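Please look over the sequence and the model below.

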Amino acid sequence: MAAHHIAALVFALMAVPAFVSARWLAQGRLPLSSGSGGMTVRDKAVLDDKLARLLRMIGLAMLTTALGLALWGDQERRVLALIGVMFVAVNGLAAVCIFTVASAKRRARGGGR
């Protein structure tokens, strides 16, 4: 087994927590935190659905990276492009997660839409 296949396997395994967390959020298994600042159960369900969707997208980006590494692991230029795209995609989605939580907290405190 080539080194790029091992790296692809590692990327695929790193995607598992994103999918597990997304499932827990979608099922409402994560409790409402004490610092939720007046967020209703319905507001939390909406936030959980949005975050679950974003986490699934992050997991999918990581699985796509794993597939790309498995297929193109011996082609340096393609791997560099793949890593660059994955870096932008995952960090962009993480920034959207942070923005989503911040805007939900702002709405819960009565800060408007």
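Arg53 is found in helix H2. This is a predicted model, and in it Arg53 has a relative accessibility of 46%.

Arg53 belongs to a patch of positive charge on the surface, where Lys50, Arg56, Arg106 and Arg107 gather with it. Which helices supply at least two residues each to this positive patch? They are helix H2, which spans 41-72, and helix H3, which spans 76-108. H2 gives the most to the patch, with three residues.

The largest nonpolar core has 24 residues. Leu51, Ile58, Leu69 and Val90 are the residues with the most contacts inside this core. Two or more residues of the core come from each of helix H1 (3-27), H2 and H3. The largest share is that of H2, with ten residues.

Ile98 is found in helix H3. Is Ile98 buried or exposed? Its relative accessibility is 60%, and since exposed means over 50%, Ile98 counts as exposed. Ile98 and Leu51 are 47 residues apart in sequence, while their C-alpha atoms are 9.4 Å apart in space. Leu51, for its part, is among the residues with the most contacts inside the largest nonpolar core.

Technical notes
Residues numbered from 1 in each chain as written. Predicted model: local features only at pLDDT ≥ 70, side-chain atom pairs only at ≥ 80, totals over all residues. Heavy atoms only, no water. Patch = residues over 30% accessible without salt bridge, like charges linked within 9 Å, V, L, I, M, F, W, Y side chains within 5 Å. Areas by Shrake-Rupley, 256 points an atom, 1.4 Å probe, with all protein chains shown as cover. Salt bridge = Lys/Arg side-chain N within 4 Å of Asp/Glu carboxyl O. Lys, Arg positive; Asp, Glu negative; His and termini not counted. Charge placed at Lys NZ, Arg CZ, Asp CG, Glu CD. Helix = DSSP H or I, 4+ residues; strand = E, 2+ residues; numbered from the N terminus. Buried < 20%, exposed > 50% of the residue type's maximum accessible area, 1.4 Å probe, protein only. Core = buried A, V, L, I, M, F, W, Y, C linked by side-chain atoms within 4.5 Å.
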